[in-house]
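Biologist: Please take me through this model, one question at a time.

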Amino acid sequence: MLQALARRAVLISIFVFALLLSWSNVAVGQQAQHTLTGEFRYHRNFHSNFLPANRDVIVYLPPGYETDQQKRYPVLYMQDGQNIFDGATSFIQGNEWRVDETAQALIQSGAIEPIIIVGVYNTSDRIDEYTPARDPKYKQGGKADLYGRLLVEELKPLIDTTYRTLRDARHTGLGGSSLGGLVSLYLGLKYPQTFSRLAVVSPSVWFADRTIVRDVLTLKMKPSVRLWVDIGMNEGQDELDSIQTADDARLLRDALIARGWKSGSDLSYTEIEGAQHNEPAWAKRVEPILKYLFPKG
């Protein structure tokens with residue numbers, strides 16, 4: 001167990017180093033090919049009064065947004081926004097979620113409701129911002145409440161006043177992967193009056209000794225939130241780590257069921273054979289996620 005946690009700590013350090021390296025590569029002028037599909041708007045250097053680091057926000061607008069000036073749309077907010085649409089800005093350049101291509105095709109085929117998708121870029125403070133509790137062993141984490149205030153009190157009002165959104169919780173979702181999945185679940189349960197559809201992809205259940213499992217089990221009442229939760233079966237550094245990662249996800253699933261979520265109703269739990277902990281693996285899950293959270297009709 002301790003060896004598995006230590007490996008995860010190393011992975012976090014590598015992630016931060018690689019992220020900073022990728023930013024420096026962009027800064028010195030290295031060229032990367034953009035892979036955007038559809039209509040986009042940017043809100044650069046979005047400033048928060050709750051957290052020190054500015055961040056970019058990218059907004060995907062569905063087909064028909066500009067032609068039908070009366071229609072309003074559901075909104076999905078996603079963490080790690082630089083990774084979900086554009087290979088030029090992704091953590092590993094060229095590897096992105098292809099959320100725009102997938103959403104575009106599903107909307108045009110009538111498989112899902114037309115939606116607005118808001119990608120919130122992470123910052124160098126990602127670990128702190130995406131975790132609800134401080135991990136005493138690694139001396140990091142615990143600013144998810146402040147990040148939640150950024151989303152709920154600052155960003156969502158901006159999006160709702162700038163775009164034609166359906167503002168109620170029934171039409172608003174939140175999602176992400178890894179630590180982004182962890183914070184999406186935590187904030188979705190904290191703000192069910194704001195978010196009612198959650199995409200919890202490969203969540204880092206292990207962080208801070210599985211605090212998120214205890215958070216679920218100690219809920220005073222079950223909120224009306226529709227949940228997608230998944231995990232790949234090859235997400236660890238080795239076989240033992242992969243088994244532990246899957247076991248952690250099952251602990252979370254069991255906690256949700258114990259608090260009243262029903263598999264096949266308001267909970268979809270999926271284990272994906274062979275799937276690793278990376279953007280190409282998550283890209284393959286975007287279609288079923290969108291179909292589950294934003295079905296047509």
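Biologist: How many helices and how many strands does the chain have?

Modeller: This is a predicted model, in which local features need pLDDT of at least 70 and side-chain atom pairs count only at pLDDT 80 or more, while totals for chains, interfaces and linings use all residues. Residues are numbered from 1 along each chain as its sequence is written, and side-chain values use heavy atoms, with hydrogens and water left out. Helices (H or I, at least four residues) and strands (E, at least two) are DSSP runs, numbered from the N terminus. For this chain the count is 9 helices and 8 strands.

Biologist: What share of the residues of the chain counts as buried?

Modeller: A residue is buried under 20% relative accessible area, exposed over 50% and partly exposed in between, using a 1.4 Å probe and protein chains only. The chain has 297 residues, and the buried share of them is 56%.

Biologist: Which residues have the most contacts inside the largest nonpolar core?

Modeller: In soluble globular proteins, nonpolar side chains tend to be buried together. A nonpolar core is a set of buried Ala, Val, Leu, Ile, Met, Phe, Trp, Tyr and Cys residues joined through side-chain atoms within 4.5 Å. The largest one here has 56 residues, and those with the most contacts inside it are Ile116, Val118, Tyr147, Leu155 and Leu227.

Biologist: Which residues is Tyr147 in contact with, leaving aside its neighbours within four places in sequence?

Modeller: Contact means heavy atoms within 4.5 Å. With those neighbours set aside, the partners of Tyr147 are Leu51, Arg55, Gln79, Val120, Glu129, Tyr130, Val183 and Leu187.

Biologist: At what angle do the axes of helix 4 and helix 5 cross?

Modeller: Axes are lines fitted to C-alpha atoms, for helices over the stretch in contact, and angles run from 0 to 180 degrees between N-to-C directions. The axes of helix 4 and helix 5 come within 10 Å, and their crossing angle is roughly 70°. Angles under 35 degrees count as roughly parallel, over 145 as roughly antiparallel, 65 to 115 as roughly perpendicular and the rest as oblique, so helix 4 and helix 5 are roughly perpendicular.

Biologist: Is the crossing of helix 4 and helix 5 left-handed or right-handed?

Modeller: A crossing is left-handed if the near helix is turned anticlockwise from the far one by less than a right angle, and right-handed if clockwise. Ala144, Asp145, Tyr147, Gly148 and Leu151 in helix 4 meet Val183, Tyr186, Leu187 and Lys190 in helix 5. The way helix 4 passes helix 5 is right-handed.

Biologist: Which residues of helix 5 and helix 6 make the contact between them?

Modeller: The axes of helix 5 and helix 6 (residues 207-217) come within 11 Å and cross at roughly 30°, which makes the two helices roughly parallel. Helix 5 passes helix 6 in a left-handed crossing. Helix 5 supplies Leu179, Leu182, Leu185, Tyr186 and Leu189, and helix 6 supplies Phe207, Ile212, Asp215 and Val216.

Biologist: With which residue does Lys190 form a salt bridge?

Modeller: A salt bridge is a side-chain nitrogen of Lys or Arg within 4 Å of a carboxyl oxygen of Asp or Glu. The closest N and O atoms of the Lys190 bridge are 2.7 Å apart. Lys190 lies in helix 5 (residues 179-190) and its partner in helix 4 (residues 144-162), so the pair ties together parts that are 45 residues apart in sequence.

Biologist: Which residues are linked with Arg41 in a network of salt bridges?

Modeller: The side chains of Glu66 and Arg41 meet in a salt bridge of 2.6 Å, N to O. Glu66 is in the loop between strand 2 (55-61) and strand 3 (75-78), and Arg41, 25 residues apart from it, is in strand 1 (residues 39-46). Glu66 is partly exposed at 43%, as is Arg41 at 28%. The network links Arg41 with Glu66 and Glu39.

Biologist: Which residues does Gly141 touch, not counting those up to four places away in sequence?

Modeller: Gly141 is in the loop between helix 3 (126-129) and helix 4, and at 8% relative accessibility it counts as buried. The C-alpha atoms of Gly141 and Ile127 are separated by 5.8 Å, although the two are 14 residues apart along the chain. Gly141 touches Ile127, Asp128, Thr131, Ala133, Arg134 and Phe207.
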